[in-house]
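Hi,

Here is the structure I promised to pass on. Have a look at it first, and my notes follow below.

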Amino acid sequence: MSRSVGWESTFNQIAEVLNQYVERGEQVLLHLVAEESQFTRFNRGRVRQTGQVSDGQLELTLIGSGRVCDRILPFTGDKETDWPLIAAALVEARQELPQLPEDPFLVTPRGAATSREEYPGQILEAAAVPEAILAPLTGTDSAGLYAGGRCIRGYADSLGQLHWFETETFTLDYSLFTADGQAVKEVLAGNYWDAAQYERQIETCRQFLGLMGRSPKAVPRGQYRTYLAPAAVADLLSMFSWGGISEAALRRSGGALRALQQNERQLSPKFHLRENFGRGLVPRFNQWGEVAPTELPLIASGELVNTLISSRTAQEYGLVSNYAVTAEHLRAPEVSPGTLNEADILKQLDTGLYVSNLHYLNWSDQPKGRVTGMTRYACFWVEQGEIVAPIQNLRFDESLYRCFGDCLVDLTQSVVCVPEVGSYEHRALGGAWVPGVLVDEFTYTL
């Protein structure tokens, strides 16, 4: 996409000017979220909605006298337009600040670190999107959303910290449907549009569609050997971010990995999880301008070696921060591969369930790491290494300690990126790099 807005130069100029207005005892922080994106929605072989979005949002934070006050305002990238709004927001925040309660665990920025990361891409030009997306789907009933373009995150503060992250990416979230409305769902994402990869993915979807035309097999409740495809693994991994590996959650006794932390339970020695910012999907800096290490091992050989500790949690409990964000969720998760050759998945599964995706995950017993949810999209019953029939959606209730622990058989030899595709307010960044997982005795309850 063409670059029409000078986001970075304007952001830097405003940060420099704003610092001149900071009064004694005050600190000011700026956070920028911006994008220039092409969105194209399609179904039944036609483009239904398309358009380009150029949008920015700036958050101004004023800290003083142990108190903090925020203002959120639009950011156009034009200094003459943006500066009056920012200056007015600072005045408003300064008036409001004395009315607010003191924050006993207030984190203030430190140091003068700077960073700049830019990841240019080779993605589709807007005019090329319809043909590139729709041609391989000819003859199918399909629907989906393509979103691609430049995403930006910026940070500056009155101490002189300045960080810039810019990446050009796309996500294509789409489904193919059978005549009776069942779906095969796939996601493609990256910095580089690979038409051949997309066509291979479509071909796999067509094969699954053919299999879904068979009569569904009724599977009674019970425990079955199960292959969880990467999208399903990414869904389960997301529960780690929901009160799982947060140090604050663990300290408050609700954390799902509390038993792991206290060596009361173990995960499989084959299971390794780390934060890996080296892939460049998300910025390393957080809301205080702190820069996380490029890699942070979290679970090594099944043992919890680190939790996510924000500076706020560190201050509250007297710990050392590893520069997690306030919510202490995973930002760049990566699960290590195993030894299962992708070509042997069905053979090694033998008889059981092939689960492509999951739906409606929730904790059923958080302190014990139990998760409930449903299978979703193209899921199949497999016998003697051959797909026999699709299944109707099944509810499951299973513990992370069994899935990634006692019952984990193997992980695939390669990992894939399951991207974040949300676009609420702005396009989400990042994703999880995960393998597929073969599990014994996965528990289905309905």
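The second largest cavity has a volume of about 50 Å³. By cavity I mean a set of points, on a 1 Å grid over the protein atoms alone, where a 1.4 Å probe fits but cannot get out; the volume is the space filled by probe spheres set on the points, which are joined across faces, edges and corners. Asn276, Phe277, Arg279, Gly280, Leu281, Val282, Arg331, Ala332, Gly431 and Trp433 form its lining, where a lining residue has an atom within 4 Å of a point. That lining splits into 5 nonpolar, 3 polar and 2 charged residues (nonpolar: Ala, Val, Leu, Ile, Met, Phe, Trp, Tyr, Cys and Pro; charged: Asp, Glu, Lys and Arg; polar: the others, Gly among them).

Before going on, please note that this is a predicted model, in which local features need pLDDT of at least 70 and side-chain atom pairs pLDDT 80 or more, while totals for chains, interfaces and linings use all residues. Residues are numbered from 1 along each chain as its sequence is written, and side-chain values use heavy atoms, without hydrogens and water.

Among the residues lining the largest cavity are Glu275, Phe277, Tyr323, His329 and Arg331; by class, its lining has 8 nonpolar, 2 polar and 2 charged residues.

You will also find 20 salt bridges (a side-chain nitrogen of Lys or Arg within 4 Å of a carboxyl oxygen of Asp or Glu). One of them joins arginine 71 to glutamate 92, with the closest N and O atoms 3.1 Å apart. This pair links distant parts of the chain, 21 residues apart: arginine 71 sits in strand E3 (residues 67-74) and glutamate 92 in helix H2. Helices (H or I, at least four residues) and strands (E, at least two) are DSSP runs, numbered from the N terminus.

Happy browsing!

Definitions and conventions. On a 1 Å grid over the protein atoms alone, a cavity is a set of points where a 1.4 Å probe fits but cannot get out, and a pocket is an open set with protein on both sides within 12 Å along at least five of seven lines; lining residues have an atom within 4 Å of a point.
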